[in-house]
Amino acid sequence: MNPTTTADDRFEVYFTEKLWEMIPSIYRHEDGLAENPGVLRALVEVLAGQAATLRRSHDMLWDDQYIELCSEWAVPYIADLVATRILPEENKRGRRVDVAKTIYYRRRKGTLRVLEELISDISGWDGRALENFRRLARARHGLDPHPAPLAGRFSKTPPGGTADLRHPMASELAGGPFGEYHHTPDFRRHAGSEGRYNIPKLAFHLYRLESYRVEEATPFSLGDGLRFGFDPSGREVPLFNRRNRPSDWDQWGSALEWELPAPMRCRLLGHAEFVVEEADVQDLVDNHGLSAAASAELRSLRGLPFRGEAALHGRLGLMANSTELLGAAIYLPLLRSAMVGECGKRALLGDTAEPIDDASVVVFTSPAKLRMPTEQTMAGSLSAWAVPPFAPEKRLVVSPEKGRLLFLGAAPTTPVLTTYHYGFSGNIGAGSYDRRAVEECEPTTPVWTDGLPKGAADLATGTGVTQIENSLTYDVSITKLSIQDVVLQAKNGQRPYLRLTANLVLGTGANLNAKLALDGLWLGSDATPRDIVLRGDYECVVVRNCTLDPGDTKPDLAGNPIHPVRLVVEGAVEKLFIESSIVGPVLTQGAGVVTELFVSDSIVQSVDATVLAIDLNAGVAEVKRTTLFGNAELHRLFASELLATGVLTVTDTQNGCFRFSAARECSQVPRRFESLLFPDDARHWFSSRRFGQPGFGQLSETAPEALRRGAENKSEIGAFSQLINPILQDSLRVKVEEYMPFGLIPIFINET
């Protein structure tokens with residue numbers, strides 16, 4: 001039972017009736033005839049409520065004996081029983097897992113497996129632990145094991161051997177957790193890429209970003225039916241590997257590259273290895289008409305490994321029956337069956353016969369949602385939409401690093417849909433993460449399911465809930481002037497993209513104290529700047545888990561500018577809530593006024609230096625755990641964990657507060673508490689300032705310590721304060737030092 005919620009056990013009713021039956025009937029009868037009837041019954045109900053609370057407390061005592069079920073207050077007491085070092089209270093999940101697995105850890109103390117499991121258990125991140133003495137270059141000793149089984153997977157570099165630079169894929173991996181090259185000892189203190197490789201160094205490579213899955217989305221088309229971008233707004237965004245790590249302790253193993261939530265490399269997607277087995281040959285004979293002569297030649301390759309499709313294709317081309325073996329009817333089924341499971345291409349694209357949940361990237365080219373076969377898909381850079389030189393029998397080229405896809409040959413005659421993964425720091429903005437709150441808001445008609453353009457008739461009338469059931473792209477042109485209580489939301493787990501072809505005007509007309517909610521939507525503009533305009537009288541406007549595209553300084557794939565979508569208030573809004581969202585400028589125009597503005601766990605950005613990110617000349621703004629890119633002007637401000645990179649100007653500095661926050665030195669803010677004003681806007685303090693990039697709004701390792709640990713809970717200041725990343729890293733460091741072998745030095749490397 002969750003101690004923060006009331007159990008549906010009806011104990012109040014049970015104890016009320018039990019106590020009522022214990023009272024003599026004469027008093028029960030008189031209670032109904034008294035001047036104030038029901039007083040005795042009300043007293044009994046109060047006593048029954050307290051009895052119900054006591055009964056639940058007794059029941060909870062049984063649960064409090066188990067770390068999986070106990071209340072938060074009981075965790076330190078159970079930790080004392082197993083004598084473990086208790087982690088900070090902010091890391092609730094980590095310290096509960098730590099107590100649950102303490103005995104498990106101690107039985108395996110000092111092993112690499114436990115140290116690698118600590119990354120996921122304590123911090124919730126993914127990662128890999130490496131003993132860096134194994135990465136040192138040295139001469140091979142006669143007592144060493146034979147180097148062949150331990151050689152690098154791609155470069156075949158033997159343990160301790162010199163690097164073979166002829167393999168580009170192995171060169172890309174150098175310096176990372178999957179590097180195959182060896183290094184001379186570096187005795188310096190670890191800082192960045194320095195001081196990593198030495199005998200006592202134990203490296204923990206951490207992947208802090210999450211990989212979010214987008215199901216059956218509409219790709220951005222360049223108009224010719226051949227060239228597309230995975231991102232519906234037309235940005236170049238890197239695709240991510242899906243997280244594919246076991247949850248069972250007994251199945252834990254050291255992670256492979258395609259199992260971690262990291263940017264997908266082009267060469268990893270193109271990495272394919274083949275081994276021809278007897279079953280593959282027999283299948284070609286039985287089901288695809290392979291001749292006896294060709295099958296005899298193909299059997300000569302049984303058991304031979306081929307480290308790429310080019311090697312297999314070249315070997316088949318040397319055979320007497322090469323014409324038959326390289327024909328599409330034989331060659332494509334051979335590629336599908338002979339491809340080994342332990343290679344990047346099979347792991348990322350999956351198999352047509354397997355569920356799409358096992359793939360990181362899937363492209364559909366028909367209304368029946370048939371997948372583009374893995375054997376007809378290849379990886380390429382597509383930097384200039386150029387076709388890769390080696391493309392036998394291929395139909396599709398995917399560029400994971402740029403988020404592009406190119407069809408070879410004729411354009412598909414049916415709509416194209418994509419399923420892919422993108423990376424981001426947390427659950428902010430429109431995304432495919434869990435939003436169970438929308439399930440309590442039952443949709444009424446209409447419901448959007450077809451991806452067709454939408455107008456005012458497709459939005460709920462003055463009162464109602466409109467739900468978008470998928471992650472398709474919709475062209476929207478809506479002017480609604482009769483809003484009373486309207487909700488426009490995306491289905492839980494979906495991320496639809498609404499491309500505004502005109503300003504989205506939402507007015508109340510003659511209605512007063514109207515309510516409006518936008519939840520889970522990504523709203524962008526076409527080639528013209530678009531606004532969301534609020535007119536009329538609103539009691540409450542909520543923008544939750546939404547992205548109002550802040551725009552970009554770079555054009556889209558078609559060369560058109562990406563304009564921001566502004567939230568413009570032209571009417572009277574009593575309360576405006578922006579929660580867990582990414583939004584462009586928030587402005588008032590004309591007689592527009594916002595009495596109270598509440599912004600929490602959000603990013604507000606203006607890419608145009610001449611446009612304010614927030615412009616409210618009246619009212620009160622309460623801003624918590626928010627990152628503000630651009631200048632802002634407000635009347636009265638109550639700020640906590642606010643990171644403003646531009647000039648922040650507050651008119652009423654006698655009221656309000658600016659606590660655990662940061663802004664430019666020339667800002668005018670109310671009374672400060674545990675806050676700082678920095679002299680200039682250092683761009684390197686963020687991993688990225690461009691929306692669409694995985695590290696958008698994330699503080700980098702070069703940010704000052706006062707920003708990275710300046711929040712009230714000693715976490716970072718800004719939109720991702722609740723992720724408590726610094727606290728998680730401290731917790732991980734404490735547990736690593738507790739369970740690592742004596743004399744080793746842990747180093748932590750943030751890969752994402």
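Predicted model: local features only at pLDDT ≥ 70, side-chain atom pairs only at ≥ 80, totals over all residues.
Residues are numbered from 1 along each chain as its sequence is written, and side-chain values use heavy atoms, with hydrogens and water left out.

Helices (H or I, at least four residues) and strands (E, at least two) are taken as DSSP runs, numbered from the N terminus. An open sheet of 3 strands shows mixed pairing and the order 1-2-37, where two strands pair if DSSP finds at least two bridges between them. Strand 1 (126–131) and strand 37 (745–750) each have a single partner strand and stand at the edges, so one side of each lacks a neighbour in the sheet. From one strand to the next, the twist averages 20°. Strand 1 is joined to strand 2 (residues 201–207) by 6 bridges in the antiparallel sense, and Ala-129 lies opposite Phe-204 in strand 2.

Helix 7 (residues 112–123) packs on the sheet and touches strand 1 and strand 2, contact meaning heavy atoms within 4.5 Å. The direction of helix 7 makes about 150° with that of strand 1; axes are lines fitted to C-alpha atoms, for helices over the stretch in contact, and angles run from 0 to 180 degrees between N-to-C directions. Helix 17 (residues 725–739) also packs on the sheet, touching strand 2 and strand 37, with its direction at about 150° to that of strand 37.

The model contains 0 disulfides, a disulfide being a pair of cysteine sulfur atoms within 2.5 Å. The closest cysteine sulfur to that of Cys-266 belongs to Cys-343 and is 15 Å away, too far for a bond. Cys-266 is buried at 14% relative accessibility, and Cys-70 is likewise buried, at 4% (buried, under 20% relative accessible area; exposed, over 50%; partly exposed, in between; 1.4 Å probe, protein chains only).
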